[in-house]
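Q: I am new to this structure. Please show me how to read its features, one by one.

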Amino acid sequence: MQSIISISGLSKTYASGFAALQGVDLDIRRGEIFALLGPNGAGKTTLISVVCGLVNPSAGTVSVAGHDIIGDYRAARALIGLVPQELTTDAFETVWNTVSFSRGLFGKPPNPAWLEQLLKDLSLWNKKDAKLMTLSGGMKRRVLIAKALSHEPRILFLDEPTAGVDVELRRDMWQLVRRLRDSGVTVILTTHYIEEAEEMADRIGVIAKGRLILVEDKDALMNKLGGKQLTLQLAAPIAEVPPALVRYGLTLGKGGSTLVYRYEAQTEDNAIADLLQDLAAAGIAFADLHTTQRSLEEIFVSLVSEREQAAPADESHIATAAGEGAR
C-alpha cells in the first residue's frame, strides 16, 4: 500500500539536551488508521508536532504525500488536520464562525454544506450559534475536531482526543473516524485507551524513550504476541499435576480445582488436542473450559517494560525540557 507519510532518521533534541526522538523511521500508509502508543514522555506528541510543522527536527526528513515538511511546508500542512490535547479555543466566538475561520486559514473557499454536515456528524449543529465559552469540555473537544476537519484534510492527527471526555463523544468520534477512513482519510491517533486502539487501528506503533520499538499490523501483532490461556475447571480437585502432564507447563489453581495451560496464539490446535487426550489418560476429567487471549494493553505494558529494563542506566536522569515538553 502506498505511503502518505514517510519519516526517515527523525531525531529531536531540545536545548536542555533531552532527546525526545531518536532515529525514528516510519511509513504511514494512505487510508489506514495508525495508533501510536507509548507512556507519558515517550515522544508521541513531539513526533506529531514535527510532522505537523509545529516543532523543528534536529535531524532526519519527513515528507507528506511527497511534500517535504520544511522545504514545501504550505503544501504539506494543507493536507493535515490536527486535534491537539489542549482545549485552546476563542471563548467569545461562535462555533460556526470558529470552524469557518479555520477553513479560511487554509485558503479554502466557503463551503457551508460541508461545514453543516461536519457539525451534524459531531452533534454540534444545534450549538452552531453558541459561544465557545458556554460549551462543556466535551463540546469544546468536538469543536476542535470540527476545526481540524474544516479544510477537508487527507490526514488527521488525533492526539489523545478522548482523554477526559464522556462516553457519548467517544462513540460519536470513533464512528466519524471510521467514516473518514472509509472515504480515504488517513488517521493517526495517540490514546491512553488501549482498547480503542485494539478495536480501531489497522496498525500499531509503540514508542518508548524517543525510539520506535515496534510497528506491526494489529492482527499480526495480536497473533504473534497475544499469548492465549486455556483454563480447565476440573470435575474433582487434584493435589498435584501428574508427571505425565509436566511437559505442558500446567499451573494448578488454588484448591486444585483448575488447571491453566498457557500457549502462543499460533500454537497448532493439535497441541491442545494432545493435552486433552493426556488428561483423559491420566484419569482427570473436567467440567468446563474456556480460553482467553492476552490483550493489547498487556502486550504494550510488556514491550515497554522490556525496553526500560534494557535501556542504559544513564537514561534515567534525563528531565523533560522546560516549555516544550516531550509527551
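A: Start with a sheet. An open sheet of six strands runs in the order β6-β7-β8-β3-β9-β10, with mixed pairing. Two strands pair if DSSP finds at least two bridges between them. Helices (H or I, at least four residues) and strands (E, at least two) are DSSP runs, numbered from the N terminus. The model is predicted: local features need pLDDT of at least 70, side-chain atom pairs count only at pLDDT 80 or more, and totals for chains, interfaces and linings use all residues. Residues are numbered from 1 along each chain as its sequence is written, and side-chain values use heavy atoms, with hydrogens and water left out.

Q: Which strands stand at the edges of this sheet?
A: β6 (80-83) and β10 (211-217) do. Each has a single partner strand, so one side of each is left without a neighbour in the sheet. Neighbouring strands are turned by 15° against each other on average, direction ignored. Axes here are lines fitted to C-alpha atoms, for helices over the stretch in contact, and angles run from 0 to 180 degrees between N-to-C directions.

Q: In what sense do β6 and β7 pair, parallel or antiparallel?
A: Parallel, over four bridges, with β7 spanning residues 155-159. Leu82 stands opposite Phe157 in β7.

Q: Which helices pack on this sheet, and what do they touch?
A: Contact means heavy atoms within 4.5 Å. Helix α6 (residues 167-182) touches β3, β7 and β8. The direction of α6 makes about 155° with that of β7. Helix α1 (residues 44-51) lies across β3 (33-37), β6, β7, β8 (186-190) and β9 (203-208). α1 runs at about 150° to β7.

Q: How do I read the two faces of a strand?
A: In a regular strand the side chains alternate between the two faces of the sheet. Now take β9. Arg203, Gly205 and Ile207 are on one side, and Ile204, Val206 and Ala208 on the other. Both faces are covered. Six of the six residues of β9 are buried, where buried means under 20% relative accessible area, exposed over 50%, and partly exposed in between (1.4 Å probe, protein chains only).

Q: What are the pairings of β9 with β3 and β10?
A: β3 and β9 run parallel, joined by four bridges. Leu37 stands opposite Val206 in β9. β9 and β10 pair in the antiparallel sense over six bridges. There, the bridge partner of Gly205 is Val215 in β10. β9 and β10 also form a hairpin with two residues between them. Lys209 in the turn has a positive phi of about 50°.

Q: How is a pair of packed helices described?
A: Two packed helices are described by the angle between their axes and the distance between the axes. Take α5 (residues 137-149) and α3 (residues 95-105): their axes come within 8 Å and cross at roughly 30°. α3 and α5 are therefore roughly parallel to each other. Angles under 35 degrees count as roughly parallel, over 145 as roughly antiparallel, 65 to 115 as roughly perpendicular and the rest as oblique.

Q: Which residues make the contact of α3 with α5?
A: Val95, Thr98, Val99 and Ser102 of α3 meet Val143, Ala146 and Lys147 of α5. By class, this contact has four nonpolar, two polar and one charged residues. Ala, Val, Leu, Ile, Met, Phe, Trp, Tyr, Cys and Pro count as nonpolar, Asp, Glu, Lys and Arg as charged, and the others, Gly among them, as polar.

Q: At what angle do α5 and α6 pack?
A: At about 15°, with their axes 10 Å apart. α5 and α6 are therefore roughly parallel to each other. Residues in α5 that meet α6 include Arg141, Arg142 and Ile145. Among their partners in α6 are Glu168, Asp172 and Leu176. The contact divides into six nonpolar, one polar and four charged residues.

Q: What is the strand order of the sheet of four strands?
A: This open sheet has the order β2-β1-β4-β5, with antiparallel pairing. The edge strands are β2 (19-29) and β5, each pairing on one side only. α1 packs on this sheet, touching β1 (3-13), β2 and β4.

Q: Is Ile70 buried or exposed?
A: Ile70 counts as exposed, at 56% relative accessibility. Ile70 is found in the loop between β5 (67-68) and α2 (73-78).
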